[in-house]
Amino acid sequence: MTTTPLPPTGPFAEAFEETADAGGEPGRQRRLSRLERRAIATKGRLSSPWASFAAILIAILWTIPSIGLLVTSFRPELDIRRSGWWTVFGGLFNGEAEFTLDNYDQALFGSGANLATYFVNSFVITIPAVIIPITIALLAAYAFAWIDFKGRNILFVAVFALQIVPLQVALVPLLRDYVSAGVAGSFWTVWLSHSIFGLPLAIFLLHNFMKDIPSSLVEAARVDGAGHVKIFFRVLLPLLVPAIAAFGIFQFLWVWNDLLVGLTFASPNSRPLTVAVAEMAGSRGGDWHVLTAGAFISMVVPLIVFISLQRYFVRGLLAGSVKG
Amino acid sequence: MDWLTSASSVGEKFALMFLAVALFVVVMGAILFLVDRPSRVPRWVVAAAFAGPALLLLAWGLVRPALLTLWNSFFDKRGNEFIGVDNYTRVLTGGQFQSVLTNTAIWVILVPIASTLIGLVYAVLVDRTRFEKLAKALVFIPMAISMVGASIIWKFVYEFKPDQPGVKQTGLLNQVLVWVGLEPQQFLINSPWNTVFLIVVMVWIQTGFAMTVLSAAIKAIPDDIVEAARLDGLGGMRMFRYITVPSIRPALVVVLTTIAIGTLKVFDIVRTMTGGQFNTQVIANEFYTQAFRQNNQGLSAALAVILFILVVPIVVYNVRQLRKSEEIR
């Protein structure tokens with residue numbers, strides 16, 4: 001199940017650069033690359049006004065809701081109740097538009113919301129819940145790719161199949177175990193659960209990347225007398241940095257944005273931002289000034305991670321979904 | 001040592017986090033150190049050291065609980081009395097669950113089709129234009145946002161104020177209705193359309209995924225095919241219909257099935273926006289309600305199993321399609 005028409009590594013990111021570079025050297029005669037030739041060939045088709053209109057319409061529809069939230073989070077409470085967020089654009093010209101950071105202050109430190117605490121919790125939950133499954137999955141992926149042991153194929157297929165098991169089937173029995181062990185609600189249970197749930201995809205993805213490494217490299221190290229541990233650390237790990245980054249972002253976004261695991265296993269003391277914000281949406285649904293600021297607080301970290309590491313994310317996405 | 005299980009201050013929490021990571025590194029390091037003797041350690045021990053932790057965790061934390069859930073689904077509310085398939089018959093035939101099943105079906109059909117269609121059209125439209133990078137980023141960004149965050153964004157779009165003189169709408173969609181001379185609507189309350197308005201949120205999130213994968217597939221279509229088609233006079237819509245879509249068929253199947261599976265498990269959106277009220281409930285959220293609100297163990301287990309059973313045909317279809325496309329090559 002590995003051959004599909006898509007190249008496994010970042011064509012998306014490379015294509016980005018290609019379009020950005022096109023026309024960068026106007027004076028120089030050079031052979032046109034494959035992509036550039038196609039860019040020229042397809043130009044006529046895409047510049048039709050209807051096509052541009054449709055593309056712009058989709059782009060606007062996809063952006064406006066977020067802009068509304070962002071603008072609202074900076075408006076005074078009374079203004080939010082009285083008028084729509086779009087009125088600020090008129091207000092900008094006649095000087096009536098007012099902006100404030102009060103909503104953020106109230107969402108982060110106000111007695112009812114107190115999101116600063118949950119912000120810390122989200123960090124404390126996410127970092128181990130990314131490091132632990134990646135490490136364990138790397139080792140397992142190495143074993144499945146490069147150590148010859150009995151039952152290897154069956155076990156790998158089993159791990160692959162576990163990807164489709166919905167988390168829901170595991171929640172209640174796990175929670176019961178945590179309760180009887182006396183650790184229910186602690187960070188330990190959240191870390192452990194996230195690590196377990198992340199493993200099938202992590203092993204599968206990293207195994208794909210690991211298989212792509214030429215076996216001659218591994219063989220050469222083996223001839224030199226290196227054991228599996230040395231081969232893993234000296235030969236494979238340095239080559240796998242992009243793959244680790246790709247899955248790392250995946251797992252980071254998954255854990256940070258997760259609601260189900262946090263809701264089920266975390267106590268009020270250890271709950272992440274998502275749970276706190278969801279709670280707020282339920283109990284203070286009309287308080288848009290706190291709610292918009294709170295929602296944006298919960299989004300800012302994944303947005304930064306996502307935008308700055310987009311290239312790796314796309315690579316992981318293509319390797320994971322398309323090769324599967 | 002109370003802080004080990006209930007860290008409360010910021011310092012304690014971070015200390016606990018570092019302790020957990022350090023503990024993990026020490027344990028894994030010790031295991032690897034012990035097997036790092038190429039000639040003296042048998043191979044199965046090395047294999048166990050590498051694959052063992054993952055396999056043990058999966059067996060304990062995923063396979064065993066899944067089997068327990070399957071077992072529990074044949075028992076009553078408290079888990080004491082064996083009641084056979086009663087929980088399943090109740091879900092599949094009981095009146096209150098009919099709308100849950102219907103809603104889930106609507107989600108699983110509409111979300112993949114809408115996101116894939118919009119993602120595909122958009123990918124084709126912006127392919128190799130000057131603004132490709134920016135245009136893609138705009139549609140891509142909702143994927144970074146939690147579903148809770150996305151739900152709040154859209155709940156604000158759907159915000160309703162009663163239509164009275166002096167009251168201005170603060171939700172964008174209702175304002176648009178007012179601008180064109182219609183009456184504002186309670187988008188999240190009026191059934192059956194409220195389910196569609198919840199689905200919009202999921203489509204908004206998933207389109208970026210569809211667009212990314214399909215865009216990569218479009219860029220991978222061999223040049224000679226495109227050029228040959230062009231020489232034959234194919235262009236515009238016909239190029240799209242006869243060349244682009246057939247060439248990226250495997251990617252389309254993967255995108256559709258991946259989104260369908262993801263949609264089946266979604267409960268965040270329904271929970272945050274309507275709480276499953278007003279006839280918007282879906283299986284994944286009903287599971288949560290039965291398990292942790294109603295404390296009905298048997299029924300919640302049955303719902304989880306049904307969720308799993310519904311995933312299987314989608315995956316089987318996916319695998320068979322991929323096999324087929326490999327045979328053609």
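This passage describes the chains, their contact, and selected residues of a predicted model.

Residues are numbered from 1 along each chain as its sequence is written, with chains lettered from A and ligands numbered from 1 in the order in which they are written. Because the model is predicted, local features need pLDDT of at least 70 and side-chain atom pairs count only at pLDDT 80 or more, whereas totals for chains, interfaces and linings use all residues.

Chain A contains 17 helices and zero strands; helices (H or I, at least four residues) and strands (E, at least two) are DSSP runs, numbered from the N terminus. Of its 324 residues, 48% count as buried. A residue is termed buried if 20 or more other C-beta atoms lie within 10 Å of its own, exposed if 12 or fewer do, and partly exposed in between, with C-beta atoms placed from the backbone. Contacts are defined by C-beta atoms, placed from the backbone, that lie within 7 Å. Among the contacts in chain A with a separation of 6 or more, 76% join residues 24 or more positions apart.

The contact between the two chains involves 103 residues of chain A and 106 residues of chain B. On the side of chain A that touches chain B, H7(A) gives the most, with 15 residues. By class, this side of chain A has 73 nonpolar, 25 polar and five charged residues. In this classification, Ala, Val, Leu, Ile, Met, Phe, Trp, Tyr, Cys and Pro count as nonpolar, Asp, Glu, Lys and Arg as charged, and the others, Gly among them, as polar.

The largest nonpolar core has 188 residues, of which A:Ala137, A:Ala140, A:Leu206, B:Val213 and B:Leu214 touch the most other members. Such a core is a set of buried Ala, Val, Leu, Ile, Met, Phe, Trp, Tyr and Cys residues joined through C-beta atoms within 7 Å. H7(A) supplies the largest share of this core, 18 residues. When neighbours within four places in sequence are left aside, A:Ala140 is in contact with A:Ile203 and with B:Phe50, B:Ala51 and B:Ala54.

The domain assignment of chain B gives domain 1 (2-86) and domain 2 (88-328), the bounds being taken from an automatic or database domain assignment. The C-alpha centres of domain 1 of chain B and domain 2 of chain B lie 34 Å apart. Their contact takes 12 residues from domain 1 of chain B and 10 residues from domain 2 of chain B. H2(B) gives the most to the side of domain 1 of chain B that touches domain 2 of chain B, with three residues. The residues of that side of domain 1 divide into four nonpolar, four polar and four charged.

Helix H1(B) has 26 residues and reaches 38 Å from its first C-alpha to its last, close to the 38 Å expected at 1.5 Å a residue; the expected span is 1.5 Å times one less than the number of residues. Within H1(B), B:Lys13, B:Leu16, B:Met17, B:Ala20 and B:Val35 are buried. The buried residues of this helix pack against helix H7 (115-146), helix H10 (187-211) and helix H12 (228-239) of chain A, together with helix H2 (43-72) of chain B. B:Val26 also belongs to H1 (residues 10-35) of chain B, but is exposed because 10 other C-beta atoms lie within 10 Å.

B:Val255 is placed in helix H11 (residues 249-264) of chain B and counts as buried because it has 26 C-beta neighbours inside 10 Å. Not counting residues up to four places away in sequence, B:Val255 touches B:Thr116, B:Ala210, B:Val213 and B:Leu214. The C-alpha atoms of B:Val26 and B:Val255, 229 residues apart along the chain, are separated by 40 Å. For B:Val255 and B:Ser9, 246 residues apart in sequence, the C-alpha to C-alpha distance is 44 Å.

Several backbone features occur in loops of chain B. The peptide bond from B:Ser191 to B:Pro192 is cis, with omega near 0°, and B:Pro192 is found in the loop between helix H7 (172-179) and helix H8 (193-219) of chain B. B:Phe278, a residue other than glycine, has a positive phi near 55° and lies in the loop between helix H12 (268-273) and helix H13 (283-293) of chain B. B:Phe278 is partly exposed, as 16 other C-beta atoms lie within 10 Å. B:Asn279 has a positive phi of about 65° although it is not a glycine, and is placed in the loop between H12 and H13 of chain B. With 16 C-beta neighbours inside 10 Å, B:Asn279 counts as partly exposed.
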